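Hi everyone, thanks for coming. Please bring up the sequence and the model, and let's walk through a few contacts together.

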Amino acid sequence: MHTLDQLNRSELKGVVRLQLSEGLTTFPEAIFDLADSLEILDLSNNQLCDLPEDLSRLKKLRILFCSNNRFTHLPEVLGQCENLEMIGFKNNQISSVSSLSLPTQTRWLILTDNEIAFLPDDFGKLVRLQKLALAGNRLTSLPDSIVHCQKLELIRLSANQLVAFPDALLALPRLAWLAFSGNPFCAERDPHNEFKTVSFRDLDLHQVLGQGASGVISLATWKENTFNFSDSVAVKVFKGEVTSDGYPEDELDACLAVGSHDNLVQPLAKVTEQDCSALVMELIPAHYTNLGKPPSLESCTRDTFADDQQFSIDKIARIIEQVDQLVSHFCSKKISHGDLYAHNTLINEEGHILFGDFGAASKYANLSANQQRGIERIERRAFGFFIDDMLGLCVQEDRNTELYQLLRSHAFS
């Protein structure tokens, strides 16, 4: 994080990335002094409502984040920035998105939690677009031209006003990560009345174990263990708001609807309190670690991994087999996971994996047979990317084996 004082005293000459969060209401003119070097500009968490008409003077600008501000429109000047390819305006009050505001070279567009009712008809001009996050808006449909976004790999459409499933998405050849829950065309949430219910007063919450877009997971012990669960459990308290993946209530619904599986973190009970919902889950043993790391700005939609991370082909085959079985399980339950990634996968030394994040999950049993098949193809495509990532971690001496070649042939079959 930088300061406005540093910027005004010319102490930031030559910086490639600038991050300012000081309640700004106007764009600091001194930013233009960095035009020879600035590639990443993060002005999130301010009070901005517009950008200067000459923003394109920042000739090297590739990435712009303006989340948590007061924009009511996506500034049209963005379309004049010749190298701008990643745009993030999450959690503003944007209701208007003009065609002029979208650079044709855009690869990453994040407009989550705004008030957007429609996208421009020529949206399909974004032929390089790979990642599109639109959850928590007011969209009733998508433009037909989206079929031209042939490189699109991830799209978040949850918590909108879509009256029908967007069939155009089924024709996109690389789409792999799709979330669409919380729209009028979706099936109603199941109350899961048969599932065990406990109260917060039965639990003592301790240290935070982790947190994501939809909630916070804490270690907990029982004050009153009515159902004789393990003494220590994990409790996920869902945030009561729209997240980057959709409504937390839809995550809870999907998590309970998917049922039990050896490779899923087991939900034990739900907590229902006024204005708050939570889920009690098995405590994951400490020797499980994340299989991967989330995508970076450079990788866009693909996971990243430690430089020294390697597996034998036999271990990779075991990992892939388990994920294959999980995908088949999701399919049998008519639930799309929507976030099939290594960074959402936990693994132990023996190669056993666990999944537990259903933030992007969507139920689709109410859709047509053709739509169901298309959604399952999309999920299988994510599995193909997963296989490709795992094979990229294979030790060099195993890359000429028959097993490696066999798995390679299944990656995008």
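Let me start with a question: which side chain does Asp5 meet in a salt bridge? The partner is Arg9, with an N to O distance of 2.3 Å. Do keep in mind that what we have on screen is a predicted model.

Stay with Arg9 for a moment, please. Arg9 also forms a salt bridge with Glu11, where the closest N and O atoms are 2.7 Å apart. And are these side chains buried or partly exposed? Asp5 has 41% relative accessibility, so it counts as partly exposed. Arg9, at 48%, counts as partly exposed, and Glu11 does too, at 42%.

Next, have a look at Arg57. Its salt bridge is with Asp54, and the closest N and O atoms are 2.8 Å apart. Arg57 is partly exposed, with a relative accessible area of 42%, and Asp54 is partly exposed at 29%.

There is also a network of salt bridges, linking Glu39, Arg62, Glu85, Arg107 and Arg128. Searching the whole structure gives 20 salt bridges.

Now for some helix packing. Helix H3, residues 313-332, packs with helix H5, residues 402-411, at an angle of about 30 degrees. Their axes are 10 Å apart, and the crossing is left-handed. So who meets whom? From H3 we have Ile313, Asp314, Ile316, Ala317 and Ile320, and they meet Leu403, Tyr404 and Leu407 in H5. Sorted by type, the residues of this contact are seven nonpolar, one charged and no polar.

Methods
Residues numbered from 1 in each chain as written. Predicted model: local features only at pLDDT ≥ 70, side-chain atom pairs only at ≥ 80, totals over all residues. Heavy atoms only, no water. Axes fitted to C-alpha atoms, helices over the stretch in contact; angles between N-to-C directions. Helix = DSSP H or I, 4+ residues; strand = E, 2+ residues; numbered from the N terminus. Left-handed = near helix turned anticlockwise from the far one by under 90°. Contact = heavy atoms within 4.5 Å. Nonpolar A, V, L, I, M, F, W, Y, C, P; charged D, E, K, R; others polar. Salt bridge = Lys/Arg side-chain N within 4 Å of Asp/Glu carboxyl O. Buried < 20%, exposed > 50% of the residue type's maximum accessible area, 1.4 Å probe, protein only.
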